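Subject: Two-chain model, handed over

Hello,

Here is the structure for you to look at. My notes follow below it.

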Amino acid sequence: MIRLENVTKVYDGGVVALKDVSIDVAKGEFVFLVGPSGSGKSTLIRLMMREERPTNGDIWIAGKPAAKMPSWKVPHLRRSIGTVFQDFKLLPNKTVFENVAYALEVTGRPRHLVRDQVPQVLKLVGLSAKSDRYPKQLSGGEQQRVSVARAFVNRPLILLADEPTGNLDPATSVGIMRILDRINRTGTTVVMATHDHAIVDAMQRRVIQLERGRIVRDQSRGAYEHRAPAETTATPAVPPSAEAEPSVAERELAAAEAELAELPTEEDYAETIADDDETIADDDSGQAAS
Amino acid sequence: MSRLQYVFSEALRNMGRNALVVLGAVLAVFVSLFLVFGTLMFGEIASSNAAQWSDDVRVEAFLSNELRNVERLQSQIAEWSDVAEVAFVSKAEAVENAKRIFKDNQQVLDLIAEDPSFIPASLRIRPLDLQDYDGIASRLEATPGVDEVISAGDAVNQLISLRDGLQVFSWALAVALGAAAIALIANTIHMAVYARREEIEIMKLVGASNWYVRVPFLFEGMLEGLIGGLLAVAVGLGAYRLGFDQIQGLVPLIDLTVSPDFLLQRAVIIVLFGVVVGAVGSTISLSVHRYIRT
C-alpha cells in the first residue's frame, strides 16, 4: 500500500530531513512513526501525501508512483489518502456537517452521496448531535473528530495522521485513537506520527522509530521505547478506552462501533461512487440484511 | 451544482468577501482604461486633424521663365516615389490668383497690371506623406528649371512631430496603464487567495482538482477587468457626448468629430483589453502564489 525505497529528502538550504529510508507498509496495517522532533516524521508524512517530493528514491502510494507523478495527477492521488493534523485544519465559517461534506463537494461527488455519507461518518465519530455546530463551539477533541470524519468520508485507502493527539489531553486522545483504530479495522491503512508514549505503548502496533532522518527501529508489535521482546509481551494489551471515563460521546462512539463493521469497504464504496442512487439503495438493503 | 454555477458563485462570494479590495481593483482598471480610451480618442482626433492639414500642404516650385518643356518636368517629378500629385499653375492662373489675394492692395494690383510677367508659373506638388516634404523641397531646389522652392518648413515639421509624438505617447500610456491595471488585479487576486488560504489548503488536501481551485479566481479577475472596462467605455463615451459641444466651442480650429465606427471599435477593444488584463493579472498571481502551487 505504501512503499518507500531509499528515500532521501534534503530541504532547500541543505537540511537533511531523511536519509536513505526504506519502508513497506502492507494494506490494512497500523503504523506509528515515533522519534524526537526534527527526526523526520512529518517529512515522511508529507512525502507520503505528495506534499513534498523526495530528493532521491522512489515512493509508491496505493500502487501509484507518488514521487514521479506530474503535479496535475496529485489531486487524484489525494482522493485515496485521508489526512489528519495536529491543528485540525477545519474551516471556521462552516458547520461540522459542512466541513465534512466539503471533502466530497470539492471532489465533485453528487449531492445525494453527501447527504448519505456525511451523517454516517459523523455517527462513526460520535458527533451526530453536533452536526450544526461551528468548530469554535466544539472542544479540541471534538474538532479533531470532525477532522477525522472529513479524512474518512472519502473512504480512503490510506489515512495519514501527523500528531493527531498533539493538542489534546490524554483522555480525549484515547477517544481519537479508538476512532482511528476502528477506521483501521475497516481495512484502511493508517500511518500516524506521534510523540505520545502512552498511546503507542497501549496500542501495540507496528512502530517505526526515526532518529536524525534514519530508521533506527521497525518493530511489528512495538512500544514507544525499545524494550526487550519478553518485556513487550508482558505489557498487557489494555484497550485504550479503559482509562477514559465513558462520556455521552463515548457511548455514542461505542454504539457507532457496531455500525462501522457494516460500513461498505472501499471496494463497495468505489462502486457506490461509480454507479448511482440504485447502487446505494442496494447497499442499504445489503446492510439491513446482514 | 453545475460547474459553471460553482465558478460564478465562488467568484461572487470571493468578491463580496473582499468588497473593498475588489472595488479598488475595478476602479484601478476603470481609471487606467478610461485614460487609455481617452488617449486613443485624443490621438484619433489629433491625427485626423493633422491628416486634414497635411492634405493641404503643398511644395510650390516656381519655374524659371527660360524653362521650355514644362510638361516633361511635371511628369518627371510626378514619377518620384514620394510624390502624390503634381499640378501645373500657369502664368495666367498665377496672375489671377495674385489678383485675388491682393485685391485689397491697390499698389500690388497696379504693379501686376503694369507687367504681369514677373509672376512665375509654378508646380504644386502634394507629398505622399508629410515626412517626405523636406526631401521633395531639397530635390526640387537642385532641379534645373526651378527658380525657387517655397516651403512651410518649420510649420510642417511641427505638425509631423506633433502627430508622431501623440502616437508614441498614446501607445506608451496605454502600455503603462495596462501594466498598472494588470498589477492591481494580480494584487487583488493575491489577496483573495491569501484570504482563502486555509480553504485552498484543505481543498488540495482532500484532492480538489487544480481546475477546481483556480478557475474561480481566474474568473474573478476577468470579471473585475470586464466591469472596469465597461465602466471606462461608458464614462468615456458619456463624457465625449456631453462635453463635445462645449469643448468644440473652445477650439474651433480643431474638428473633434470622431467616426462612430471608430468609437465602437475602440470601445470593444477596451472592454476586451479589460478582460485580458484581468485574466493575465489573475494568472500571474495564481502562478506565483505559494498557496496555489502544488
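First, the ground rules. This is a predicted model: local features need pLDDT of at least 70, side-chain atom pairs count only at pLDDT 80 or more, and totals for chains, interfaces and linings use all residues. Residues are numbered from 1 along each chain as its sequence is written, while chains are lettered from A and ligands numbered from 1 in the order in which they are written. Helices (H or I, at least four residues) and strands (E, at least two) are DSSP runs, numbered from the N terminus.

**The end of α8(B)**

Helix α8 of chain B covers residues 197-205. Its buried residues are B:I202, B:M203, B:K204 and B:L205. Buried means that 20 or more other C-beta atoms lie within 10 Å of the residue's own; exposed means 12 or fewer, and partly exposed is in between, with C-beta atoms placed from the backbone. The cover over these residues includes α2 (74-78), β6 and α3 (96-105) of chain A. It also includes α9 (210-250) of chain B.

**Where the chains touch**

The contact takes 15 residues from chain A and 13 residues from chain B. Two residues are in contact if their C-beta atoms, placed from the backbone, lie within 7 Å. On the chain A side, α2 and α3 are the elements that give two or more residues. α2(A) gives the most, with four residues. That side divides into seven nonpolar, five polar and three charged residues. Here Ala, Val, Leu, Ile, Met, Phe, Trp, Tyr, Cys and Pro count as nonpolar, Asp, Glu, Lys and Arg as charged, and the others, Gly among them, as polar.

**The sheet in chain A**

Chain A has an open sheet of six strands, in the order β6-β7-β8-β3-β9-β10, with mixed pairing. Two strands pair if DSSP finds at least two bridges between them. The edge strands are β6 (81-85) and β10 (214-219), and each pairs on one side only. The twist averages 15 degrees from one strand to the next. Axes are lines fitted to C-alpha atoms, for helices over the stretch in contact, and angles run from 0 to 180 degrees between N-to-C directions.

Strands β3 (residues 30-34) and β8 (residues 189-193) of chain A run parallel, joined by four bridges. In β8(A), A:M192 is the bridge partner of A:F32. Helix α5 (residues 140-152) of chain A packs on the sheet, where α5(A) touches β6 and β7 (158-162). The direction of α5(A) makes about 165 degrees with that of β6(A).

**Two helices side by side**

α5(A) also packs with α6 (residues 170-185) of chain A, at an angle of about 15 degrees and with axes 9 Å apart. The two are therefore roughly parallel to each other (angles under 35 degrees count as roughly parallel, over 145 as roughly antiparallel, 65 to 115 as roughly perpendicular and the rest as oblique). The residues of their contact divide into six nonpolar, five polar and one charged.

**Chain totals**

Chain A comes to 11 helices and 10 strands. Chain B comes to 10 helices and four strands. Buried residues make up 41% of the 290 residues in chain A, and 29% of the 294 residues in chain B.

Best wishes
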